[in-house]
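Please read this briefing beside the sequence and the 3D view shown below.

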There are 2 protein chains.
Amino acid sequence: MEHLKATYLIETPLPVDDAAAVLAGEQSSGTFVSVPGETAELKQRYAARVESVTPLEDVDSPSLPGCRAGDGPYHHAQVTIAWPAHNFGPNLPTLLSTVGGNLYELTQLSGVKLLDLELPESFADHFRGPAHGVGGSRRATGVEGRPLIGTIIKPSVGLTPEDTAAMVKTLAEAGIDFVKDDELMANPPHSPFDKRVDAVMRVVNDHADRTGKRVMVTFNISDERDAMHRHYDKVVESGNTAAMMSLNSVGLVGAKDICDRGELVIHGHRNGWGMFNRCPTLGMGFAAYQKLWRLAGVDQLHVNGIANKFWEPDDSVVASIESCLAPMAGMTPLLPVVSSGQWGGQAFETYRRTQTVDLLYMAGGGIMAHPSGPAAGVRSLQQAWQAAIDGLTLEQAAAQHEEFRQSVEKFGRK
Amino acid sequence: MEHLKATYLIETPLPVDDAAAVLAGEQSSGTFVSVPGETAELKQRYAARVESVTPLEDVDSPSLPGCRAGDGPYHHAQVTIAWPAHNFGPNLPTLLSTVGGNLYELTQLSGVKLLDLELPESFADHFRGPAHGVGGSRRATGVEGRPLIGTIIKPSVGLTPEDTAAMVKTLAEAGIDFVKDDELMANPPHSPFDKRVDAVMRVVNDHADRTGKRVMVTFNISDERDAMHRHYDKVVESGNTAAMMSLNSVGLVGAKDICDRGELVIHGHRNGWGMFNRCPTLGMGFAAYQKLWRLAGVDQLHVNGIANKFWEPDDSVVASIESCLAPMAGMTPLLPVVSSGQWGGQAFETYRRTQTVDLLYMAGGGIMAHPSGPAAGVRSLQQAWQAAIDGLTLEQAAAQHEEFRQSVEKFGRK
């Protein structure tokens with residue numbers, strides 16, 4: 001019998017083995033006592049079982065309200081639960097309801113966070129995973145041996161299609177590999193999707209014709225279902241290679257429906273992710289999260305970056321990059337999208353800690369606000385990454401490369 | 001200019017006005033400084049503005065990690081932000097990214113929870129809202145003047161289609177109005193969706209032919225997009241009136257795509273909801289949550305119940321019921337689904353506090369484990385509700401009604 005396994009951080013005043021058993025019961029039988037129809041055989045074939053329990057530290061007060069299982073101390077433990085895969089079959093939303101459903105409501109727990117998943121191997125028969133991932137993103141942009149260098153159009157809202165196209169022209173001429181819409185920009189009256197695609201792709205296609213370099217632009221197709229497909233069609237017709245979705249806002253079913261088409265590289269924006277992850281004892285960890293989206297077929301996924309402008313610590317960013325690139329049931333790795341407060345300066349620490357160039361490395365101000373202009377900004381990022389790969393320090397790289405030196409002077413103070 | 005408004009609880013060591021301005025900036029311009037293309041006119045037309053700030057209490061330590069804006073005290077405040085509606089248009093996922101996106105990542109905040117939304121009136125031109133809601137659920141079941149009485153098939157997984165049909169037969173004969181699948185039961189190998197519908201609907205249709213009473217059964221159609229539509233078709237063909245989705249697992253786009261069809265009453269299961277709401281200073285409150293799903297067109301939504309078996313306090317349950325039934329941009333109210341540890345005993349407090357019978361009132365053990373059998377269980381719930389509506393106390397009702405008296409004896413101890 002094949003199993004799905006899920007690992008949680010739990011917090012409970014009960015003996016941790018007992019609390020783990022409650023979680024397994026709630027998410028399989030629901031109730032295996034005193035209901036007609038319950039038999040020992042049913043229980044044997046369908047009940048979730050506790051695979052392992054690793055006690056961690058105790059805390060004095062409960063992290064979350066509503067625990068009614070006693071006073072402290074509250075024990076932390078890492079627990080792994082295994083479900084017979086035939087309980088749900090290859091049904092992505094029901095898988096999520098199984099590992100991340102009513103368990104968050106349990107009064108026996110004062111904390112519960114889904115940390116990771118181990119998928120049945122047979123899922124590879126049903127789920128293709130990313131149609132493009134790292135390799136497809138490289139093929140579409142022609143970038144090898146270094147991270148893709150990308151940027152985002154700002155301000156987030158308000159630009160006309162022509163404004164956006166003018167910015168993309170500047171960026172394409174600067175040598176950028178990738179440009180994305182903001183998650184707040186989808187199909188608003190001031191920049192209708194089709195008009196934005198037309199205006200921007202005139203620039204992108206013209207640039208590709210003249211130089212042979214095709215910039216990947218991820219227009220934000222997030223919308224209702226039929227509209228997303230119309231946007232997708234428009235992007236395919238335009239000659240572009242990719243599109244973007246706000247994953248949490250679209251949801252698993254809408255996202256997989258789009259990813260199943262497989263023509264475009266799908267850039268997964270995780271805005272709203274802090275809601276799931278910022279509380280240390282509630283929600284979901286990134287290792288589990290990226291597996292759900294990889295099953296749905298997303299190709300690129302945001303991970304923040306080293307010394308980012310948001311709240312996430314570097315260790316968490318590094319772990320996220322590693323989890324995107326780790327094997328999963330034979331499926332292609334996700335391309336980690338490094339962003340938030342990035343410029344060339346973080347290339348050194350990013351490479352030292354991850355030892356990979358399979359990244360989409362996004363910088364905003366680091367490109368557009370470079371003292372010698374956007375082309376120098378892109379060059380400064382390429383220089384930083386090549387230096388990091390070659391084992392140079394930031395200081396050595398700044399001594400060798402004028403554009404990178406200028407970026408250190410401008411952005412390196414903070 | 002029309003606006004969308006969102007109200008948040010925030011926690012911050014900064015002056016609360018400053019923190020509110022950061023939130024508004026992040027979720028509109030993204031950056032209105034030092035980027036070419038930013039003009040005063042753009043800012044005027046597209047920037048979100050802070051509508052109001054109500055300071056609340058201070059706390060000594062931060063609720064969430066990653067705040068880098070100073071030491072305590074950490075100020076709580078309720079803030080309302082207004083966005084020009086033309087920033088996103090009637091685009092549901094982008095609306096969610098606007099009010100619930102990257103703001104959860106801000107280092108200026110040590111807590112942020114989306115509490116409520118106020119929608120532009122023009123949304124009614126684009127969003128139908130629930131096609132059925134309270135009125136449609138009543139018409140489909142023929143129940144007036146009291147809550148619909150419902151139950152759930154248990155154990156959650158493992159039963160064959162024939163086992164499930166046999167339970168539904170017992171329940172139909174007991175006089176139940178509504179039966180639902182568990183969220184863990186969708187289309188597994190041991191109970192394929194179509195076979196379960198066939199077996200159960202033979203019972204339901206036969207019962208309707210004989211008695212004139214049509215039980216509403218919400219088969220769990222949660223699945224990938226095309227499979228959900230196949231399941232929906234199957235349910236329509238079977239003569240049934242409703243279907244169920246696990247909303248958080250399916251997502252907004254997949255759910256609206258199904259609700260747009262409008263033939264079936266859609267029962268919205270909120271499993272996973274604790275992930276969004278259990279932390280008092282992170283995520284989303286129910287008032288905002290139910291509006292998103294009402295926009296998507298869901299007809300019935302879970303709210304827990306008074307003295308539920310989960311963590312949620314009664315005040316929160318009462319507020320959730322009220323928000324489902326409150327007006328929203330001219331759209332039909334959602335039918336609140338009261339469940340979790342319910343039997344007739346909670347009818348009195350539920351009615352006293354909500355003064356409504358527009359509920360789907362779900363009991364499991366309270367029906368199936370009644371000492372005189374399921375028919376007595378259903379009668380005990382009807383008796384309890386009629387007594388509550390008539391202003392009787394629990395004790396008076398128990399003195400008048402034998403079935404309810406037995407249920408008090410069995411379930412009233414806890």
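A salt bridge is a side-chain nitrogen of Lys or Arg within 4 Å of a carboxyl oxygen of Asp or Glu. By that rule B:K154 forms a salt bridge with B:D182, and their closest N and O atoms are 3.2 Å apart. This is a predicted model, in which local features need pLDDT of at least 70 and side-chain atom pairs count only at pLDDT 80 or more, while totals for chains, interfaces and linings use all residues. Residues are numbered from 1 along each chain as its sequence is written, chains are lettered from A and ligands numbered from 1 in the order in which they are written, and side-chain values use heavy atoms, with hydrogens and water left out.

**How the two chains are related**

- Chain A can be laid on chain B with an RMSD of 0.0 Å by a turn of 180° and a shift of 0.0 Å along the axis, where copies are superposed by least squares on the C-alpha atoms of residues with pLDDT of at least 70 in both.
- The two copies are therefore related as by a two-fold rotation axis.
- Of the residues of chain A, A:G251 comes closest to the rotation axis, with its C-alpha at 1.9 Å.
- The same surface serves both copies, since 100% of the contact residues of chain A recur in chain B.

**The interface between chain A and chain B**

- The contact, which means heavy atoms within 4.5 Å, takes 89 residues from chain A and 89 residues from chain B.
- About 7200 Å² is buried between chain A and chain B, and carbon and sulfur atoms give 57% of that area; buried area is the accessible area (1.4 Å probe) that two parts lose on being put together, summed over both.
- A:E105, A:M275 and A:R278 supply 12% of the area that chain A buries against chain B, more than any other three residues.
- Across this interface the rule finds 4 salt bridges, and the side chains of B:E224 and A:K256 meet in a salt bridge with an N to O distance of 2.9 Å.
- Between chain A and chain B, 38 residue pairs are in polar contact, both at pLDDT 80 or more; a polar contact is a pair of N or O atoms within 3.5 Å, where within protein one must be able to donate a hydrogen and the other to accept it, and residues adjacent in sequence count only if both atoms are side-chain atoms.
- The residues of the side of chain A that touches chain B divide into 38 nonpolar, 37 polar and 14 charged, with Ala, Val, Leu, Ile, Met, Phe, Trp, Tyr, Cys and Pro counted as nonpolar, Asp, Glu, Lys and Arg as charged, and the others, Gly among them, as polar.

- Helices (H or I, at least four residues) and strands (E, at least two) are DSSP runs, numbered from the N terminus.
- In helix α3 (residues 92-100) of chain B, 9 of the 9 residues are buried, so this helix is largely enclosed by the rest of the structure; buried means under 20% relative accessible area, exposed over 50%, and partly exposed in between (1.4 Å probe, protein chains only).
- The buried residues of α3(B) include B:L92, B:P93 and B:G100.

**A buried histidine**

- A:H370 has its place in the loop between α15 (365-368) and α16 (374-389) of chain A, and A:H370 counts as buried at 4% relative accessibility.
- The side chain of A:H370 reaches the backbone oxygen of A:E403 at 2.8 Å.
- Leaving aside its neighbours within four places in sequence, A:H370 is in contact with residues including A:G365, A:S380, A:E403 and A:F411.

**Salt bridges within the chains**

- A search of the whole structure finds 48 salt bridges over all chains.
- B:K154 lies in the loop between β5 (148-152) and α6 (161-173) of chain B and B:D182 in the loop between β6 (178-180) and α7 (193-211) of chain B, so the pair ties together parts that are 28 residues apart in sequence.
- B:K154 is buried, with a relative accessible area of 17%, and B:D182 is buried as well, with a relative accessible area of 3%.
- A:E409 forms a salt bridge with A:R405, with the closest N and O atoms 2.9 Å apart, and both lie in helix α18 (residues 402-411) of chain A, 4 residues apart, about one turn of the helix.
- A:E409 counts as partly exposed at 44% relative accessibility, and A:R405 is partly exposed with a relative accessible area of 31%.
- A:K5, A:R49 and A:E51 are linked in a network of salt bridges.
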